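Here is a short briefing to read alongside the structure.

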Amino acid sequence: MDWSPNTTQQTRKSRAQMLHDIRAFFLQRDVLEVETPALSQFGNTDPFIESIQCIQQKSEGSELRYLHTSPEYPMKRLLAADSGDIYQISKVWRAGESGNKHNPEFTLLEWYRVGFSYQKLMQEVEELLSIVLPDLPKKPQFKTYESLFLEKFNINPHIATNEQLIDCVREHIDHLDTEGMNNQSLLDAILSFCIEPEFESSHLTFVYDYPVSQSALAQIRQTEHYPVAERFEVYLGQSELGNGYQEEVDSKRNKQILSDENQARKDFNLETVKEDRLFLAAAEKGIPASAGVAIGLDRVLMCITGEKSIQKVINFPWDKA
Amino acid sequence: MATVSTSEFKSGLKFILDGDPYTIVENEFVKPGKGQAFSRVKIRNLKTGRVVDKTFKSGEKVEAADVMEVDMEYLYEDGEFWHFMEPTSFEQHAAEETAVMDVKHWLKPQEKYIVTLWNGSPLSATPPNFIELQITECDPGVAGNTAQGATKPATVETGAQIKVPLFVEEGEMVKIDTRTGEYLSRAKDS
């Protein structure tokens, strides 16, 4: 039996140093470290993220719980309870996500800044990453989602019809069957296979202002011609490190998002998930205007150590857990 | 009909695409944090040997291929078929020319080959990496000429044309790398 860890001692030290640097960064900025439950009564409704389900056997029957896929909902309940700026470093789980850049169990850093714009939060993400990645070249790229699609394909992703996107996928991606793909998944395919590979390696790229089909829990802004989602993603080279929002604080819209996501689950023939009523109740009380972001720390550690596979930076990845 | 889902994709898995059997050479899981998951695979067509890239949405299903790789002994050729035998069961399989096209010149009776069976019929045969064969034709050796790198053409018992050092004689057994067709050494027992 191969019981031994996949990491070198140097990688283990790099992880400890990274965690130390992150905690020092937030201590200095007066952002409070918090904990929230890993096992919740409610799951993530996002149709593209599967929670791992856990069953607790009880004498009066069994109780279904979900391992959290991110601490987003309970951290927003803390915001609604006037916690102020908060961060959390926690293990999260996403069913079925295995590969060179994915382990179903991974470490996520998530933080919320009250009163921040998402632009200001992007700056802070850059500041944090340049501390944990000291060799990072200065001057990240900032690109709107729209400019990436316009420059590469002359397609405006905010108004493109699914037919236009399907034509683009057929022309540029080998053998992808577009049957059953919605607007979001078509855009994901084009971004993942045609646009991300051209991101400058070893540089940070921030992509911001997403189509509303990609909004998740981000606030929507009306522009002159169409609405855009105030969401951003940060990449190092071609590796996606994190995802952030100008948080949607309108309680009605939050309720609508969760129910729309469950509807999308039905459309994809996926099991629906119990919507987080506690989060929705907190939203009704009022979540303060804030921006939040989540960063995959194992991916960051891959960048620090230069390892090509996430399996080499986790002591005991999925197959050895 | 048995199907396999992308979640079971790994290198070596065989499936049918557009009527042809393929094996997965490389499988990469691609997924934005908040979005659609894909499997990007490099697959080899088991009939033609061509490697191509394909992209699947996670959860897509493909038809499983009834493909097996079996160790077999090569027996003989009858002008139409090339005959192999499973050494444990003595079961014989007849391969068509298309299946042995690439390896015809490395087929030596009693030697072991890996034969890929699709629905029970031979699809391809893979020779061992190293094989010992007799030289059946070459110019006479030049005694004392050990000049580095100097070679001459030679034909071996299976019909393959190779290059051998000048000192090698007709009738000798030589060791050959079948992947490159290169002469390696004189066989030890000759």
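The largest cavity in this predicted model has a volume of about 60 Å³. It is one of two cavities of 30 Å³ or more.

**The largest cavity**

- Its lining is made up of A:Y145, A:D188, A:L191, A:Y210, A:Q214, A:R231, A:E233, A:Y235, A:E240 and B:P32.
- Two elements of chain A, α6 (183–195) and β10 (227–236), each give two or more residues to this lining.
- β10(A) gives the most, with three residues.
- Sorted by class, the lining holds five nonpolar, one polar and four charged residues.

**The second largest cavity**

- About 40 Å³ of space lies in the second largest cavity.
- You will find A:I22, A:L109, A:L128, A:L129, A:V132, A:I295, A:L297 and A:V300 around it.
- The elements giving two or more residues to this lining are α3 (118–132) and α9 (297–305) of chain A.
- α3(A) has the largest share here, with three residues.
- What classes of residue make up this lining?

**The largest pocket**

- The largest pocket has a volume of about 1100 Å³.
- A total of 40 residues line this pocket, and those nearest its centre are B:T6, B:F29, B:A37, B:S58 and B:G59.
- Strand β3 (residues 20–30) of chain B supplies the largest share of the pocket lining, which is three residues.
- By class, the pocket lining comprises 13 nonpolar, 18 polar and nine charged residues.

**The largest nonpolar core**

- The largest nonpolar core has 35 residues, and the ones that touch the most other members are A:I22, A:F26, A:L109, A:W111, A:V125, A:L129 and A:I295.
- Elements of chain A that each supply at least two residues of this core are α1 (9–28), β5 (86–93), β6 (105–114), α3, β8 (204–210), β10, β12 (290–296) and α9.
- Which element gives the largest share of this core? That is α3(A), with seven residues.
- There is a link back to the cavities: A:I22, A:L109, A:L129 and A:I295 are named among the core residues that touch the most other members, and these four residues also line the second largest cavity.

**Domains and annotations**

- For chain A, an unreviewed UniProt entry lists residues 22–317 as "domain: Aminoacyl-transfer RNA synthetases class-II family profile".
- For chain B, an unreviewed UniProt entry lists residues 69–123 as "domain: Translation elongation factor P/YeiP central".
- Over residues 69–123, chain B is 7% helix and 49% strand, with the end C-alpha atoms 10 Å apart.
- The domain assignment of chain B gives domain 1 (3–64), domain 2 (67–126) and domain 3 (130–186).
- How far apart are the C-alpha centres of domain 1 of chain B and domain 3 of chain B? They lie 42 Å apart.

- B:A154 lies in strand β13 (residues 151–156) of chain B.
- Is B:A154 buried or exposed? B:A154 counts as buried because its relative accessibility is 2%, and the cut-off for buried is under 20%.
- B:A154 and B:V164 are 10 residues apart along the chain, and their C-alpha atoms are separated by 6.5 Å.
- Most residues other than glycine have a negative phi.
- B:F90 is not a glycine, yet it has a positive phi of about 65°.
- B:F90 sits in the loop between β8 (82–85) and β9 (92–95) of chain B, and with a relative accessible area of 58% B:F90 is exposed.
- B:Q110 also has a positive phi, of about 75°, although it is not a glycine.
- The loop between α1 (97–100) and β10 (112–118) of chain B holds B:Q110, which counts as exposed at 59% relative accessibility.

Terms used:
Residues numbered from 1 in each chain as written. Chains lettered and ligands numbered in written order. Predicted model: local features only at pLDDT ≥ 70, side-chain atom pairs only at ≥ 80, totals over all residues. Heavy atoms only, no water. UniProt positions renumbered as here; feature names shortened; annotations may be inferred. 1 Å grid on protein atoms, 1.4 Å probe; cavity = no way out; pocket = protein on both sides within 12 Å on 5 of 7 lines; lining within 4 Å. Points joined across faces, edges and corners; volume = space filled by probe spheres on them. Helix = DSSP H or I, 4+ residues; strand = E, 2+ residues; numbered from the N terminus. Nonpolar A, V, L, I, M, F, W, Y, C, P; charged D, E, K, R; others polar. Domains from an automatic or database assignment. Core = buried A, V, L, I, M, F, W, Y, C linked by side-chain atoms within 4.5 Å. Buried < 20%, exposed > 50% of the residue type's maximum accessible area, 1.4 Å probe, protein only.
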